[in-house]
Amino acid sequence: MRKIGLSIFVFVVIIACSKEPIEVNEFEINEVNYSLGKLNCQPTIYNLDDFGEFKIESDESFIYITISSFNPYLLDKFYLHYDNDLKSFPLVGKGNLPPGNMKVKINLDPNSTQFDYQIPISENYNELTLSSLVFFDGPHKLRKWVGDMRVNFGNWKYFNYELKNCYPCALISAGNDNSTTLNESEARAIPNKDRVKLFYLDLLDDGVPTNGIFEPTIDEIISNFANNPIGEFKTKYTIEEGECMDSVFLTLYVIPDDE
């Protein structure tokens with residue numbers, strides 16, 4: 001068996017109904033796209049009759065809210081207020097919550113059927129009190145308060161949410177899939193196993209731990225190269241932290257020198 005060195009680039013393969021008009025003077029856009037890891041607890045879902053649903057869940061850094069509408073209704077506006085407890089809410093009169101006083105007031109894009117919003121979690125929060133108002137558009141324009149707790153005065157509702165890390169693995173990441181191409185002679189010029197391993201590690205995104213596991217192993221990649229040096233040499237790179245793990249694919253393509 002010939003000793004060979006491989007320069008291997010990583011292919012990182014990884015809303016009761018009311019006709020009362022509400023004037024909205026202030027809008028704040030805070031849409032988010034988020035990708036989370038393994039779900040460790042069930043989200044809390046509030047059904048908004050036949051018009052849609054409101055889902056809330058959290059990890060150690062954020063509360064994630066997803067609002068969805070049901071056909072034929074569309075989302076129109078989103079209001080939200082949250083604080084440590086109800087006493088901190090900006091109530092007026094005997095206890096009404098004017099939508100204009102709420103922290104978050106957002107005009108949603110036309111034809112929206114889903115909207116995502118996130119709340120940063122303060123270190124002092126163990127539980128939050130929230131109230132949300134969702135406007136729908138469709139056969140009838142309407143609004144729905146979200147929650148299971150009614151107030152003594154006014155026609156609004158609220159709910160309490162206990163913070164819990166539903167996504168304990170959200171922060172561990174092996175990065176993106178990556179790949180590269182070498183000529184056969186360049187691949188053969190890599191002097192030893194340690195340099196082959198370093199070549200693959202160099203394909204990892206910045207900040208990814210380098211103590212992960214290769215599958216197939218570096219030895220197996222070198223052996224496969226010795227048997228047939230032209231082709232695809234892909235390995236699955238996995239990092240672990242407790243019960244959490246994430247993987248990417250790293251790939252080296254070796255082509256003949258005359259290509």
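**Rings, charges and strands**

Q: How far is the charged end of K77 from the centre of the ring of F135?
A: Keep in mind that this is a predicted model. For a charge to sit over a ring, NZ of Lys has to be within 6 Å of the ring centre and within 35 degrees of the ring normal. K77 passes that test over the ring of F135, with its charged end at 5.7 Å from the centre.

Q: Which residue has K103 lying over its face?
A: Here's another Lys over a ring. K103 is at 4.2 Å from the ring centre, and the face belongs to Y82.

Q: Is the pair of F51 and Y73 stacked or edge-to-face?
A: The ring centres of F51 and Y73 are 4.9 Å apart, and the angle between the planes is 85 degrees. Planes over 60 degrees apart count as edge-to-face. So the pair of F51 and Y73 is edge-to-face.

Q: How many residues apart in sequence are the parts that F51 and Y73 tie together?
A: F51 is in the loop between β1 and β2, while Y73 is in the loop between β3 (62–69) and β4 (74–83). The pair therefore ties together parts whose separation in sequence is 22 residues.

Q: Which strand holds F159, the partner of F54?
A: F54 and F159 form an edge-to-face pair, 5.8 Å centre to centre with 75 degrees between the planes. F54 lies in strand β2, so the pair ties together parts 105 residues apart in sequence. The strand on the F159 side, residues 157–162, is β10.

Q: What is the relative accessibility of F159?
A: F54 is buried, with a relative accessible area of 0%. F159 counts as buried too, and its relative accessibility is 0%.

Q: Which strands are the edge strands of the open sheet?
A: Four strands make up this sheet, with antiparallel pairing, in the order β1-β2-β3-β6. An edge strand here pairs on one side only.

Q: Which residue in β2 stands opposite N47?
A: β1 and β2 (residues 52–58) run antiparallel and are joined by five bridges. Opposite N47, the residue in β2 is E53.

How values were computed:
Residues numbered from 1 in each chain as written. Predicted model: local features only at pLDDT ≥ 70, side-chain atom pairs only at ≥ 80, totals over all residues. Heavy atoms only, no water. Pairing = 2+ DSSP bridges. Helix = DSSP H or I, 4+ residues; strand = E, 2+ residues; numbered from the N terminus. Phe/Tyr/Trp six-rings, centres within 6.5 Å; stacked < 30°, edge-to-face > 60°. Buried < 20%, exposed > 50% of the residue type's maximum accessible area, 1.4 Å probe, protein only.
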